[in-house]
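Here is a brief report on selected local features of one model.

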Amino acid sequence: MRTQINDIPVRFRLSSALRSAAEAKAASEGMNLSEFMRAAVRRELRCGGMSDRFDPNSAMGELAPLIRAAGQGDLAAQRHGCELTLHAMQAAMARGDMVMAQGHAMEMMFWARFAASQGTDDDALMLTAALTHLSRFWTGEGEFSWYGETLLVEATALADRLASRGNEEAAEALNMIARNVAPHILQQAKEVA
């Protein structure tokens with residue numbers, strides 16, 4: 001059972017045009033209207049005078065407001081952070097900077113975990129992708145290869161759970177993972193799922 005943290009209902013009137021626009025924007029960001037309205041209120045409060053407080057992420061420049069919003073549970077911000085780190089990881093890999101790519105993959109995993117904890121199947125699929133990307137940096141015969149395998153087990157178990165709920169993309173991801181991992185990874189994933 002989900003613990004309810006938003007327990008005070010608020011009712012107010014909107015024009016049908018404003019409601020339609022809000023519902024469309026919420027849907028485009030993968031949220032329901034209630035989630036969208038909470039995020040909008042949080043944004044307004046941050047911009048309307050609550051920004052005088054100390055911001056430990058201010059050194060991050062333009063990312064500081066995104067980090068703050070994501071930390072306050074803004075699903076759209078969590079998704080945006082995941083998307084930014086995915087692109088940063090891909091760019092680092094394209095230029096051959098595997099150290100930065102690994103760092104961005106780690107960041108992506110955390111952003112994806114936050115989004116998946118309150119989002120949709122698509123957010124859980126992004127977490128599967130993040131775990132798989134990160135595992136690539138920890139595979140092989142090295143001392144920490146167990147960590148790469150642990151990430152793959154989690155990604156495989158998550159894809160399996162989503163596929164068993166009828167998610168076609170997860171089924172495709174699971175088939176791709178199954179073709180590319182050792183059998184013991186698949187066995188461990190069954191024990192986790």
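Trp138, Phe144, Trp146 and Tyr147 are joined into a cluster by ring pairs. The model is predicted. Across the whole structure, a search returns three aromatic pairs. Two of them are tabulated here.

| Pair | Centre to centre | Angle between planes | Geometry |
|---|---|---|---|
| Trp138 and Phe144 | 6.2 Å | 90 degrees | edge-to-face |
| Trp138 and Tyr147 | 5.1 Å | 85 degrees | edge-to-face |

The Trp138 and Tyr147 planes meet at 85 degrees. Edge-to-face requires over 60 degrees, so this pair is edge-to-face. Trp138 has a relative accessible area of 22% and is partly exposed. Phe144 is also partly exposed, at 43%.

Next, the second largest pocket. Its volume is about 500 Å³. The lining consists of 24 residues, and Thr132, Arg136, Leu152, Met176 and Ile177 are the closest to the pocket centre. Helices H6 (121-135), H7 (145-164), H8 (168-180) and H9 (183-192) each give two or more residues to this lining. H6 supplies the largest share, seven residues. What is the make-up of the lining by class? Eleven residues are nonpolar, ten are polar and three are charged.

Last, Ser28. This residue belongs to helix H1, which spans residues 16-28. Is Ser28 buried or exposed? Its relative accessibility is 58%, so Ser28 counts as exposed. The Ser28 side chain reaches the backbone oxygen of Lys25 at 2.7 Å. Ser28 and Ala76 are 48 residues apart in sequence, and their C-alpha atoms are 9.9 Å apart in space.

Key:
Residues numbered from 1 in each chain as written. Predicted model: local features only at pLDDT ≥ 70, side-chain atom pairs only at ≥ 80, totals over all residues. Heavy atoms only, no water. Helix = DSSP H or I, 4+ residues; strand = E, 2+ residues; numbered from the N terminus. Buried < 20%, exposed > 50% of the residue type's maximum accessible area, 1.4 Å probe, protein only. Polar contact = N/O pair within 3.5 Å; in protein donor to acceptor, adjacent residues only side chain to side chain. 1 Å grid on protein atoms, 1.4 Å probe; cavity = no way out; pocket = protein on both sides within 12 Å on 5 of 7 lines; lining within 4 Å. Points joined across faces, edges and corners; volume = space filled by probe spheres on them. Nonpolar A, V, L, I, M, F, W, Y, C, P; charged D, E, K, R; others polar. Phe/Tyr/Trp six-rings, centres within 6.5 Å; stacked < 30°, edge-to-face > 60°.
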